[in-house]
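Dear colleague,

Here is the structure you were expecting. My notes on its nonpolar cores and aromatic rings follow below it.

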Amino acid sequence: MALLFLGLNEDRDGWDVLGKIIDGEIVKDPTGELEETVKGAYDLDDEDHLRRAFNNHYINAVPLAEDEE
């Protein structure tokens, strides 16, 4: 399981990469914003719940194919 997290940029006209979760572990978090948003509040192993929780106008969790991990 791998999810790429995208957040609406400051100009609200595009998306910035917030980070990546692979197999329940945050592996990329350049700004620290992803960990601040999800750590402790969500089960990082529950891909379906994370995708539902982060599917809105401000932040999105996008599943990645295995070869994109």
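Nonpolar cores and aromatic pairs

The largest nonpolar core consists of 12 residues: Leu3, Phe5, Leu18, Ile21, Ile26, Leu34, Val38, Leu44, Leu50, Phe54, Ile59 and Ala61. (A nonpolar core is a set of buried Ala, Val, Leu, Ile, Met, Phe, Trp, Tyr and Cys residues joined through side-chain atoms within 4.5 Å; buried means under 20% relative accessible area, with a 1.4 Å probe and protein chains only.) At least two residues of this core come from each of E1, strand E2 (15–22), helix H1 (33–38) and E4. A second, separate core has 5 residues, including Ala2, Leu4, Leu6 and Leu64.

This is a predicted model: local features need pLDDT of at least 70 and side-chain atom pairs pLDDT 80 or more, while totals for chains, interfaces and linings use all residues. Residues are numbered from 1 along each chain as its sequence is written, and side-chain values use heavy atoms, without hydrogens or water.

The whole structure holds 2 aromatic pairs (ring centres within 6.5 Å, taking the six-membered ring for Trp). In one of them, the rings of Phe5 and Phe54 have centres 5.6 Å apart and planes at 75 degrees, so this pair is edge-to-face (over 60 degrees). Phe5 lies in strand E1 (residues 2–8) and Phe54 in the loop between helix H2 (47–53) and strand E4 (59–63), 49 residues apart. (Helices are DSSP runs of H or I with at least four residues, strands runs of E with at least two, numbered from the N terminus.) Phe5 is buried at 0% relative accessible area, and Phe54 is buried at 5%. Phe5, Tyr42 and Phe54 make up one aromatic cluster.

Regards

Key. Rings of Phe, Tyr and Trp (its six-membered ring) pair if their centres lie within 6.5 Å; planes under 30 degrees apart count as stacked, over 60 as edge-to-face and the rest as tilted. Buried means under 20% relative accessible area, exposed over 50%, partly exposed in between (1.4 Å probe, protein chains only).
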